[in-house]
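Have the model open beside you as you read.

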Amino acid sequence: MLKSLTVSNFKAFEKPVTIDFSATGNYEFNPEAVKNSIVKTSIMYGKNASGKSSIGLAIFDIVSNLTDNFVNPRDYSIYQNALHFKDSVNFEYHFEFDGIELIYKYQKLNVTTIVREELIIGDKLVIFYDKNDKNSDFIVNLKGSENLRKNLATLQFSALRWVKNNTTLDNNKENKIFLQLFSFVNKMLFFRSLQDRAFTGYKPAPSLNIVEEIVKRNKFSDLQLFFKEAGFTDELIHSHHTGREELFIKFNNIILPFEQVCSTGMSSLLLVYYWLEDINNSEQCPSFICIDEFDAFYHFELAYFVVEKLKTSNCQVLLTTHNTSIFTNDLLRPDCYYICSKEKIVNAHNATLKELRYGHNLEKLYRGGTFGK
């Protein structure tokens, strides 16, 4: 799981900011929202332009380093903070796999140009180089990599990928943790359903037809059930129309195209189902999901429903929102609600000296400034 990320000079963040999923409290309610003392299901609040989207994109920058999955170029076209647009961007990830901490640090000039990497597994430095330092050694200390060609001048992408793709590593604990990093990042998924319905990670390329993919996977009956559970009583049907699968809504004997009559909430929910249909499949379930402004078009009851669905899954989740009606201990717990600003990111548990209990109204405390302005 992802324990924390510290990033600086990236988009909204000039100075280093950290989102720490390991800064948990000792709460007995909603235990499924935390796993192995790491926050599994989280919701982030913050004012407009406070950096919520920036931290989501920062978390997913690693996808461009370690996978061939899709990275939306528009999201990373403006990379550095405006005050230091010529300087490198700094990332430091802390993961935990099988009880062992893995630290991955790197510097980049843009989303594709890495100038420094450092990988620590346990307490051991296993990969290191720094292109800014002409005297820097290219270090690779993984069993099975002894004969790897190490030419820093010709390294055009991540050294971690270079090692993974050009060696047969020994079967030991350290190397297994190294490979678990790739497996985790390969299944990370970021998406939103606003103007452009952008996504990053999880797949090599965007899908052309959501409905067609759902039908091909024999998931249409699951889609119908998902909509009913969410409170939509209209019947959904599909048909191979004009050369492609299309979705329709049936009112008694009247059939109307989904895209023409659906609400923005229903359209957004269809996208959520498409991305989350694999969450109950252990092999296909994303490792980490971030949905930016996940409930922008939802009534609070529908937002509550989506969080409950995600809370029972096995994936780590970060949602951003402005909807304070779901800032409640009935849904999650204080260490799972994060407050974001350009200076710091802190969860409600660590944002106040007040002892927070189940009966506290977190929304009222947040609106009242208890967790800081």
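Q: What makes β6 and β7 a hairpin, and what stands out about Asp98 in the turn?
A: The two strands have two residues between them. Asp98, in that turn, has a positive phi of about 55°. This is a predicted model, so that angle is a computed one.

Q: How do you know that β6 and β7 pair?
A: Two strands count as paired if there are at least two bridges between them. β6 and β7 share nine bridges, in the antiparallel sense, so they pass that cut-off. One example to find on screen is Phe91, whose bridge partner in β7 is Tyr106.

Q: What joins β7 to β8?
A: Eight bridges do, and the strands run antiparallel. Lys108 stands opposite Ile114 in β8. Here too there is a hairpin, with two residues between β7 and β8.

Q: In which order do the seven strands of the open sheet lie?
A: The order is β2-β1-β6-β7-β8-β9-β10, with antiparallel pairing.

Q: Why are β2 and β10 called edge strands?
A: Each of them pairs on one side only. For β2 (17–20), the joined strand is β1 (residues 2–8), by four bridges. Within that pairing, Ser4 has Asp20 of β2 as its bridge partner.

Q: Which strands does helix α1 touch as it packs on the sheet?
A: Helix α1 (residues 52–59) touches β1, β2 and β6 (89–97). Its direction makes about 110° with that of β1.

Q: What makes α1 "mostly covered"?
A: A residue is buried when its relative accessible area is under 20%. Seven of the eight residues in α1 are buried, among them Ile55, Leu57 and Ile59.

Q: Where does helix α4 lie?
A: Helix α4 (residues 173–186) lies across β1, β6, β7, β8 and β9, running at about 115° to β6.

Q: Why are α6 and α8 called oblique to each other?
A: The axes of helix α6 (residues 220–229) and helix α8 (residues 264–276) cross at roughly 130° and come within 11 Å. Roughly perpendicular ends at 115 degrees and roughly antiparallel starts over 145. The crossing angle falls between these limits, so α6 and α8 are oblique. Their crossing is right-handed.

Q: Which residues make this contact?
A: From α6 come Asp222, Leu223, Phe226 and Phe227; from α8 come Met266, Leu269, Leu270, Val272 and Tyr273. They divide into eight nonpolar, no polar and one charged.

How values were computed: Residues are numbered from 1 along each chain as its sequence is written. This is a predicted model: local features need pLDDT of at least 70, side-chain atom pairs count only at pLDDT 80 or more; totals for chains, interfaces and linings use all residues. Side-chain values use heavy atoms; hydrogens and water are left out. Contact means heavy atoms within 4.5 Å. Axes are lines fitted to C-alpha atoms, for helices over the stretch in contact, and angles run from 0 to 180 degrees between N-to-C directions. Buried means under 20% relative accessible area, exposed over 50%, partly exposed in between (1.4 Å probe, protein chains only). Angles under 35 degrees count as roughly parallel, over 145 as roughly antiparallel, 65 to 115 as roughly perpendicular and the rest as oblique. A crossing is left-handed if the near helix is turned anticlockwise from the far one by less than a right angle, and right-handed if clockwise. Ala, Val, Leu, Ile, Met, Phe, Trp, Tyr, Cys and Pro count as nonpolar, Asp, Glu, Lys and Arg as charged, and the others, Gly among them, as polar.
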